[in-house]
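User: Hi! Could you help me see how the words used for a protein model follow from its numbers?

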Amino acid sequence: MNDKKQITAITPTRNDDYPEWYQQVIKAAGMAESSPVRGCMVINPWGYGIWELIQKHLDKRIKDTGHENAYFPLLIPLSFLEKEAQHVEGFAKECAVVTHHRLEAGGPDGKLIPAGELEEPLIIRPTSETIIGHMYAKWVQSYRDLPILINQWANVMRWEMRTRMFLRTSEFLWQEGHTAHATEAEAVEETMKMLEVYREFAENILAIPVITGEKTPEERFPGAVNTFTIEAMMQDRKALQAGTSHFLGQNFARSSGIKFLNEKSEECYAWTTSWGVSTRLIGGIIMTHADDDGLILPPRIAPKQVVIVPIMHKEEEKNQVLAYCENLRSAIGETLYEKEPIRVYIDQRDVRGGEKNWQLIKKGVPLRIEVGPRDMAKDQVCLMQRHLGHKEKEFLSPKELVEKLPSLLTNMHKVLFERAQKFRDENIRTITDKSEFTAFFTAKNPEKPEIHGGFALSPFVPGNSETEAFLK
């Protein structure tokens, strides 16, 4: 982390106040802001551009494993949730409920009040197992109708009391996969297959190293038989649950009536799964890679991978510099990085060069290229790589730059991943003593407050509620 005496763009720094640093990184990068609705956020174009690229890469992986996209209603009848007791109990306190279907002027002051009470309350989906299960029950009659492999990109709502942008908001965006299978073995295979999709995606696209494993009974998805997860260590040494894959057994099939005739004409209940990741991944990117200067984006999910910054001190320099920059942009745009054109942009905003550079630093743009009259005279450009800090500069000819860009982007991802992996591994301890375990998570050394917490590898008896209660 940066020395506090150095000039940094974000105040406070990570060491000073990590939660506030996180919020300031989001603000400085222009990723999102609070909305008029409590606990909900407006995702600004830069933040949404990151989400679009996450969608693009993950959607391809989902489809490559045989799944199709569909869409299901936002509103779920209350009775659907009541069919699965564990499920409704797990989400009951988080549900937003629609009870009326219109507004009417309620008095002389003309204020609008809810009217037209619904016969049955509708729940704004906290997740979609029940309504999708209802549809699957209609679609499945025979083993020939299975498997059903469907994913949807959607928004959901969970009425959170304490919210943090991207990490935990009342409304958030995600994908939720829902599958139905003829056998238990197929459903278990699906559950583990999608867990591996999430692991590979987190590491190869987001540069976030993760640990895969199974959740304890108390931490399972409500109504699931098993919940598997990818967990990542953030820079405050805390874990982030970055994605989950659930083996639902026949629980939801029984409550929704998903039945079929097998090859022996025997009536059976289907075996189902569900799995999902959300905009929480953006929070994970921030807390894994950002520094005290702001956001650092892995190149594969950066809306703009390269930004060219024209430096013009006199009006008469403008046309010549911009023409040089446009030729450079054209050459970069024709260069392929992982079979796609590099995303390049010329920043022509009427903003002073120093201020413009700091803005791009805070946004986490992977590569910045400055071009001014003196550079043009030498037929060179000034390259700055975001992950190396704001002082490191390299001068290259345009030809050298264009040829080097794909390897620069690949190396940046590698450096970010290895940096995060090293940090995680240095903060994992094997602990077999109960008092040492407690001290690891609760005691702080005043002289070295940074050496505190992390991941502990400790003996654990699955299904032991007493042990789990102590761990919590």
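Analyst: Happy to! This is a predicted model, and we can begin with helix α1, whose buried residues are Y18, W21, Y22, V25, I26 and A29.

User: How do you know that the reach of α1 is close to the expected one?

Analyst: Helix α1 runs over residues 18-29, which gives 12 residues. After α1 comes G30, with a positive phi near 65°.

User: What makes α2 and α8 roughly perpendicular, rather than parallel?

Analyst: Two numbers are used to describe a pair of packed helices: the angle between their axes and the distance between those axes. For α2 and α8, the angle is about 110° and the axes are 10 Å apart. Angles of 65 to 115 degrees count as roughly perpendicular, so α2 is roughly perpendicular to α8. Where they meet, G47, I50, W51 and I54 come from α2, while L281, I282 and I285 come from α8.

User: Why is H87 called buried?

Analyst: The relative accessible area of H87 is 1%. Buried means under 20%, therefore H87 counts as buried. You can find H87 in helix α4 (residues 85-91).

User: Which residues is H87 in contact with, and what does its side chain reach?

Analyst: Leaving aside neighbours within four places in sequence, H87 is in contact with T127, E129, T130, F221, P222, G223 and F252. For P222, the backbone oxygen is reached by the side chain of H87 at 3.2 Å.

User: And why does K318 count as partly exposed?

Analyst: Try the cut-offs again: buried is under 20%, exposed is over 50%, and partly exposed is in between. K318 has 35% relative accessibility, so it counts as partly exposed. K318 belongs to helix α9 (residues 318-333). The C-alpha atoms of K318 and G372 are separated by 9.5 Å, with the two residues 54 apart along the chain.

Definitions and conventions: Residues are numbered from 1 along each chain as its sequence is written. This is a predicted model: local features need pLDDT of at least 70, side-chain atom pairs count only at pLDDT 80 or more; totals for chains, interfaces and linings use all residues. Side-chain values use heavy atoms; hydrogens and water are left out. Helices (H or I, at least four residues) and strands (E, at least two) are DSSP runs, numbered from the N terminus. The expected span of a helix is 1.5 Å times one less than its number of residues. Buried means under 20% relative accessible area, exposed over 50%, partly exposed in between (1.4 Å probe, protein chains only). Axes are lines fitted to C-alpha atoms, for helices over the stretch in contact, and angles run from 0 to 180 degrees between N-to-C directions. Angles under 35 degrees count as roughly parallel, over 145 as roughly antiparallel, 65 to 115 as roughly perpendicular and the rest as oblique. Contact means heavy atoms within 4.5 Å. A polar contact is a pair of N or O atoms within 3.5 Å; within protein, one must be able to donate a hydrogen and the other to accept it, and residues adjacent in sequence count only if both atoms are side-chain atoms.
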